[in-house]
Each structure stands twice: as C-alpha cells, then as structure tokens.
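Subject: Structure handover, salt bridges and metal site

Hello,

Here is the structure for your files. My notes on it follow below.

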Amino acid sequence: MSSAEKLGAMGIIPKRKRQKKVAEVCNSHSKHEVRFQDLIIFIVERKMGSSRRTFLMDLARKKGFRVDDILSDSVTHVVTENNSWNEIWDWIQSQKLSNADKLKVLNISWFTDSMAAGKPVNIEQQHKLQEQKVLQSNLPLAPPVVPVSKYACQRRSTLNNKNNIFTDALDILAENFEFNENDGAFVAFSRATSVLKSLPYTISRMADLDELPCFGDEIRAIIEEILEDGVCFKVESLLCDEKYKARKLFTSVFGVGLKTADKWYRQGFRTLEEIKSAKDLKFTRMQKAGFLYYEDINNAVRRAEAEAVGQIIENILHECTPDVTLTLTGGFRRGKESGHDVDFLISCLDEEKHENLLRKAVNKLASRGLLLYCDFMEATLEKRKLPSKMYDVMDHFEKCFLIVKLSKALVKDGSLSASSVSEVRPHSGGTETEVENQIKDWKAIRVDLVIVPPQQFAFALLGWTGSRQFERDLRRYTHFEKNMMLDNHGLYDKNKKAFLEAKTEEEIFAHLDLEYIEPWERNA
Ligand code: DCT
Ligand code: MG
C-alpha cells in the first residue's frame, strides 16, 4: 500500500484524490481476456460517479466482458444507474450514433445479474430501462419494502449472493475482528454480511439500508464508501497488513489455531517455509499432517471429489453393517460446489450397531492405504443433558477428523481422470519431491465423520448443515423468541420443562414456529 493510500485510509486525503487513486488502481488491472465477443458494454457515468463506474468496468473486464470507455458505434449494451429513460435517450441521440436504434439500453440490474452469473444474462423486462419507467409510474420504487428478519433462520439465503461487493469486504473485516478476539464487532459484522446475502437485489444507494436490521453507523459508513469509491480502504490496507497476512497464512495450516499463529508471528516468522525449517519449533501430530498435505488441503474439495470419498466410506461402512446410512452435510448439503472439507453423518437404525463402527471403518480405510491422518474423539455425553447455551460449542458425538487419500482416477468429473495424470511424465533433472508431485495420482482430502444415534439424527443434521451464521441465529432465536434451548443433540422447552422430539428437520422448524428453510437457503 502506498503512503497516499494509507493517508486515504485514514481519511486525510480528500475524497476526490482518493477516487482518482482508486481509478488508477482499477485501470492498471484492466488487461483481461475477452470471453464474450458478441457484446460491448458502455457504462454511463452520469448519476453513478466516476469511481463506481471505473470499479464496475474493471469488475466486468475481469469477468471476461468487453467494456468500452467511450460510446461509439461498436457499443451494443448501454448500462445506466438511477437515470430515467428520457434523460438517457436524449443523451444517446446527441451522440449522433449510426446504430442508436439497435442499442440495448439497460438498467444496472442487467449488469449486476450478469456479473453474478459470470456471463451475459438474457435481457428480461425488468432489465430494460424503458420498461422500468413504465413500471415506476405504477409501482412503488424498487427495492420492495419487505420486512427482513434480524435472525438468519427467518431469511432465505441462497448461494446467489447479489451483494458480493459489500459482503467480501465485510467478511474480511469480520475475520480480522475474530482474529483480535473482538467478539462484539465480529458478531455485528457477520450479522450485517448475512443480511446482505439474503437480499434478492443489490444495494445501490444508502436508502436501501433503511429498512434492514443489523446496520450500525460503522457498517453503514463502509457500505457508503464502497458505493462511492468501489472499494473500502480499511479492507485494502488490511489485505496488506503484515499481522493479518501472517495470521491468515498460519491458520490455513490444518491444526494451527490463532494462539499458535500469533506465537509464530511474535517470534518473527512470516512464511510457512521459515516455520517448516525452524530448528526449535515443535509441531503437534495434526500440524505435521497439515504441513505435509498443505497444498492438497488448501486446494478446495470439489463436489465430485466429495462424492467419490462418500462412495468409498459408504462401501466400507456397508461391509461393517448393512443398515447404516451415510449423509453428506456441511457446505455441500447447502449446494456449494466446493468446500474446505467433507462432512458426513453416520447412523444406524439400531443404535447397538454403532458400537466400534467408526473405529472399524477407520481401520479398514487404513488397511487399504487410504488413511493419511486420523484424530479420533470418543463420545463425551453419557446421560441426556440440557442443550448447551454456547452457540459455537462442539457437540458430544463420537467423531473423527481424517485426511483421506483419494485416487484421482475415482473422481468422475473428467478434470482429474487417471489418463490425464498418467500422461504426465517426470522430466529428467527434477528433485525427488518434484518428480513425486508430478506423478502423484491422488489428493489428500479433509473429512469429518460423526456417529449419530437415530433419535438425535434430525438435530445433528440441522446443526452440521450450517452455515455457521444460520446455526448461531437459530440458537439465538430459539433462546430469545421461544424460551427453548437447541443444540446438535436436541431441543428443550423451558416452559414445558421437557425435550421435544423430532424425526426430521421440518419437525424441528415446526416446534420453533419457523417456516421451513431448505438446506440450500441456509447460506447465511
Ligand atoms: N459448525 C457450527 N459451528 C462451528 C463450526 C461448524 O455450527 N463453529 C457447523 C456449521 C457447518 C458445519 O458445522 C460444518 O462445518 P464446516 O465444515 O467448518 O463448514 P462448511 O459450511 O461445511 O464450510 P466448508 O464448505 O468450507 O467446509
Ligand atoms: Mg465443511
């Protein structure tokens, strides 16, 4: 970060200059491959402002769109924000274009929908500026005023996040608050991000925040800055901050928590290479595995890989006992195409079959040479206890955290087929590790296995499906709105002084008087 940017971050550089700075930064990144040859976009600066325009132009270019700086005959799509049809049309006429009649004049929603889709979306009625004018005369101004709940469990949040520009920034700031153990700010920022993820529209002006819960002054100021400048300077400076970078890097190693990361930072370490080669550092067994398989584990698990791992584990479990079920949970159950690990619940109708099942399955994985690491945790709850009051606390099920060796040949999406791997021949002169990596035909995958008694299955499924924010708000709602307690084992009604049973997630939502939220709508 330059000193000018640092001063900007502190608000010392006047806004105009800051905007110029942002524009320079954005322009410098504008050489990107054009993926969509058939259209050329022009974004109207009027009422949008030059920095936001520059930011949007750069965003589109990064995504493979061609965006021209000047309105010429080659432009096919004109995108505007907050302008009326008459204003824009008069202006286009004044430009004396030969193809003005063929131009597609669109409002910003077509642009944001296309950015979210990563390709030009079909032009629908609502994208056309002309139509919007007609609509505006009959209907209230967009976005619609629909009350948004302060609890994520009363909102539907799909993976189609229309507010990435804001949530990416707020997520980074929230993560840093978590690093600093500033719980209040972490929760406040996570809640605001979560609200934005549930909105069916993109925030385009400050007034859009007026009806929304969870937006305090500090967060509003950040949104305003992004609306005006396209970026948030606190985020930009954080991304260049030594301590933040080190914490992020060190905690990316499996088995390294914040305490260890901070210790290494204080000792002067800045890279993983330095840590690995340090003579006097001692590592836990988990951290050793974390360093050994670092590349693979930090390369997101894809759905096809998760399914292949599921198939292996399911086969092994069926060898142990036929009536067992394996259920994929976590991010993959919420519809994500990739994740940092694969989370599975294991359950038998007859709970007695659970005895030693997990150990047997893990031993079978090991005897087939498929187990790279295993951390086993015994069940820690004998008798039924009241649900925990802590939102983020670990449950009491018997479980194990594994690193599994997945043969690339077993992954069915083509990109990692065995043939493509066998074509790689080690070239002469490489070191032993280089050669090993080139012919490595497997990937290390992080897997969590949890054994769940059948009568607690619905609660465990609900808890392990996430997202983290969805779970936190579900428990908060249960506590504050229903005077009940919920965790991965059960639901307790404090008024009735009784546990409420449930066989399905739907029944749990019904006990809580909540509309059912599908797993893919829990990406809060
Ligand atoms: N979980 C929770 N509280 C935590 C950690 C996890 O409620 N502190 C729940 C929510 C998700 C589930 O457990 C699985 O956790 P992760 O694998 O960490 O999350 P994920 O959503 O599956 O994310 P990823 O796709 O990156 O694995
Ligand atoms: Mg997961």
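The side chains of K62 and D58 form a salt bridge, with N to O at 3.4 Å. Here a salt bridge means a side-chain nitrogen of Lys or Arg within 4 Å of a carboxyl oxygen of Asp or Glu. Both residues belong to helix 3 (residues 50-62) and sit four residues apart, about one turn of the helix. Helices (H or I, at least four residues) and strands (E, at least two) are DSSP runs, numbered from the N terminus. K62 is partly exposed, at a relative accessible area of 48%, whereas D58 is buried at 5%. Buried stands for under 20% relative accessible area, exposed for over 50%, and partly exposed for what lies in between (1.4 Å probe, protein chains only).

On provenance: this is a predicted model, in which local features need pLDDT of at least 70 and side-chain atom pairs count only at pLDDT 80 or more, while totals for chains, interfaces and linings use all residues. Residues are numbered from 1 along each chain as its sequence is written, chains are lettered from A and ligands numbered from 1 in the order in which they are written, and side-chain values use heavy atoms, with hydrogens and water left out.

In total, the structure holds 32 salt bridges. Another of them pairs R446 with D341, at 3.9 Å from N to O. This pair links distant parts of the chain, 105 residues apart: R446 is in strand 11 (residues 442-451), and D341 is in the loop between strand 7 (338-339) and strand 8 (342-348). Both R446 and D341 are buried.

D341 also takes part in the metal site. Together with D343, D341 coordinates the magnesium ion (ligand 2) through OD atoms, at 2.1 to 2.2 Å. Donors are N, O and S atoms within 2.8 Å of the metal (3.2 Å for Na, K and Ca); water is not among the atoms, so sites may look incomplete. The relative accessible area is 7% for D341, which is buried, and 9% for D343, also buried.

A further salt bridge joins E378 and R359, whose closest N and O atoms are 2.7 Å apart. E378 lies in the loop between strand 9 (371-377) and strand 10 (399-407) and R359 in helix 18 (residues 357-367), so this contact ties together parts 19 residues apart in sequence. Elsewhere, E45, R53 and D69 are joined into one network by salt bridges that share partners.

Regards
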